[in-house]
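These are my notebook entries from a first look around. Come along and keep the viewer open as you read.

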Amino acid sequence: MIFIPQIVRNFFGGRSQVDIATSASPSEAASGATSPSTEQGRRPTPENQTKALYSALTIDYSLRATINDIRTMDRADGRVKRVHARVARDVTRGGLVMLQSDPASKIAKEWGAFVKRLQLDNSAKLRSDARGLLMEGNLPLQWVIDADLKSVVACVRMPTETMRPNVGVHGRFNDVAAAYSQMDLNTGMDLCSFALWQLTMARLDPDNFDDMMSMGRPFIDASREVWRKLRMTDTDLVIRRKHRSPLRLSHILENASEEELGQYQQRIELNKDLITTDFYSNKKGAVTAVQGDASLGDVQDVLYLLDTFFAGTALPKGMMGYTDGMARDILEDLKRDYFDEVDQLQDILAWVYNQGFRLHLLLRGINPDAETYTLTFKERRTETLSQTTDRALKLKAVGLPQSMVWEELGYNPASVEERRTADAANYDPYPDATQTSKVKITPGNAPKGDSATSVSHP
């Protein structure tokens, strides 16, 4: 058993979530009243209650089967792999940053050391966690603390299909000191258990967020059936082309006996691998060419399944290279919707890492609620540099504070000001202190693909 400091135990608690939710305040206890937040009867149907009892004994094998299907799809189909890789790259683009006001504060130094120890400055680590969230629908991160119980030294992504939340029929943890268990799928025995502070579970689109037993869903789990049909149709199309597309010849010999017809067939097929231009016969007959399948170019069924498959993902088909028949304005609308999906995934990942950083601050004796900071990803939108700069200049032109403009660009305002002061102490690119910049916005007057904002210096 791992003993943790009292401040961490006080922060996460040692009782069940139901006990915490149903505990009455001192005034209510004195008056004999009960808390109105008592949780009872959270399972609406007998099927839900049966599922809850089943999940209390073993892992969710339906989720495990879904995850195995997604992994098979990712290995077998380059389109699925490209979807996961593209989304994971866009989500982690720019890296993880902390926005706060004082770059020299103690919490900023703790964050810098925390990032280096947990390799959160490594794009491969962030991308691996993002792919795990997309493919498994959940991101269970185990926080490893040092022997002195002073800091978090590592975060390990656990396999979702082996994790079981220990909840009751009410959907809450029975004991936060053993919130999750990891099972051996071969023996069905528990390998170990994790307290609520020791493992953070991020769930992607769960059926019920307040139900701790409701696990997340993989990013493209609803497209599995369409993907099977698409693969089957692709294979059938290749087989059909192979068997029906070659040119064939129909040989007709009138009044030929069975023996004569057999000899003729043997003589013709004997040299079928050679280039034959003429056929000879001493009986009335004809050689007629039979064309291959004239409808082999019709692939509308494949295109329909392809459209249906990408309709189940937030990634537009046009961004994957299928741009036939797609208008540019429609693609822009789809890209904007995709960017919103990326922002939501970034919020989920940032929340997970924030939970680990809060635990680290508690171990260091710092109350995270007393500090003002925000963990986010540097680039919130997958835009070009010109588009991002144009948006930031427009925000500045309408009067937003400079610190908010830097945050919109994905930079820490405190770090920017620190670098500005350091640069001014070494060299000044604008020695004239009276020189200022003017920002002018000309909507609808920009060249194609360029910014509509101009910056001029007097």
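This is a predicted model: local features need pLDDT of at least 70, side-chain atom pairs count only at pLDDT 80 or more; totals for chains, interfaces and linings use all residues.

**Entry 1: H7 against H12**

Helix H7 covers residues 106-117 and helix H12 covers residues 328-363; I found them packed at an angle of about 120°, with their axes 11 Å apart. Angles of 65 to 115 degrees count as roughly perpendicular and those over 145 as roughly antiparallel, so I put H7 and H12 down as oblique to each other. I also noted that the crossing of H7 and H12 is right-handed.

Which residues of H7 and H12 meet? From H7 I listed Ile107, Glu110, Trp111, Phe114 and Arg117. On the H12 side I listed Tyr353, Gly356, Phe357, His360 and Leu361. Sorted by class, this contact of H7 with H12 has six nonpolar, two polar and two charged residues.

**Entry 2: H8 against H12**

Next I turned to H8, which spans 123-136. H8 packs with H12 at an angle of about 115°, and their axes are 11 Å apart. The range for roughly perpendicular is 65 to 115 degrees, so H8 goes into my notes as roughly perpendicular to H12. H8 passes H12 in a right-handed crossing.

Here I looked up the contacts as well. Leu126, Asp129, Ala130, Leu133 and Leu134 of H8 meet Leu345, Ile348, Leu349 and Tyr353 of H12. By class I wrote down eight nonpolar residues, no polar ones and one charged for the contact of H8 with H12. Tyr353 is a name to remember, as it is listed in the contact with H7 and in the contact with H8.

**Entry 3: aromatic rings**

How many aromatic pairs does a search of the whole structure find? I got six. Among them, phenylalanine 173 and tyrosine 180 form an edge-to-face pair, 5.2 Å centre to centre with 70° between the planes. Are these two buried or exposed? Phenylalanine 173 has 1% relative accessibility, so it counts as buried. Tyrosine 180 has a relative accessible area of 6%, so it is buried too.

Another pair I looked at is tyrosine 338 with phenylalanine 339, which is tilted: 6.0 Å centre to centre, 50° between the planes. Tyrosine 338 and phenylalanine 339 are both buried.

I then found a cluster in which ring pairs link Trp111, Phe114, Phe357 and Tyr373.

**Entry 4: two positive phi values**

I went looking at backbone angles in loops. Glutamine 119 is not a glycine, yet its phi is positive, about 60°. I located glutamine 119 in the loop between H7 and H8. Its relative accessible area is 45%, so I marked glutamine 119 as partly exposed.

Aspartate 205 is another residue other than glycine with a positive phi, near 55°. Where does aspartate 205 lie? I traced aspartate 205 to the loop between strand E7 (199-203) and helix H9 (224-244). With 48% relative accessibility, aspartate 205 counts as partly exposed.

**Entry 5: threonine 376**

Threonine 376 belongs to strand E10, residues 374-377. The relative accessible area is 12%, under the 20% limit, so I noted threonine 376 as buried. What does threonine 376 touch, leaving aside residues up to four places away in sequence? My list reads Gly95, Leu96, Val97, Leu99 and Ala350.

**Entry 6: serine 415**

I found serine 415 in helix H15, residues 413-426. Its 31% relative accessibility means that serine 415 counts as partly exposed.

**Entry 7: the whole chain**

Last, I stepped back for some totals. The chain has 15 helices and 12 strands. Of its 458 residues, 38% count as buried. Among contacts in the chain with a separation of 6 or more, 66% come from residues 24 or more positions apart.

How values were computed
Residues are numbered from 1 along each chain as its sequence is written. Side-chain values use heavy atoms; hydrogens and water are left out. Axes are lines fitted to C-alpha atoms, for helices over the stretch in contact, and angles run from 0 to 180 degrees between N-to-C directions. Helices (H or I, at least four residues) and strands (E, at least two) are DSSP runs, numbered from the N terminus. Angles under 35 degrees count as roughly parallel, over 145 as roughly antiparallel, 65 to 115 as roughly perpendicular and the rest as oblique. A crossing is left-handed if the near helix is turned anticlockwise from the far one by less than a right angle, and right-handed if clockwise. Contact means heavy atoms within 4.5 Å. Ala, Val, Leu, Ile, Met, Phe, Trp, Tyr, Cys and Pro count as nonpolar, Asp, Glu, Lys and Arg as charged, and the others, Gly among them, as polar. Buried means under 20% relative accessible area, exposed over 50%, partly exposed in between (1.4 Å probe, protein chains only). Rings of Phe, Tyr and Trp (its six-membered ring) pair if their centres lie within 6.5 Å; planes under 30 degrees apart count as stacked, over 60 as edge-to-face and the rest as tilted.
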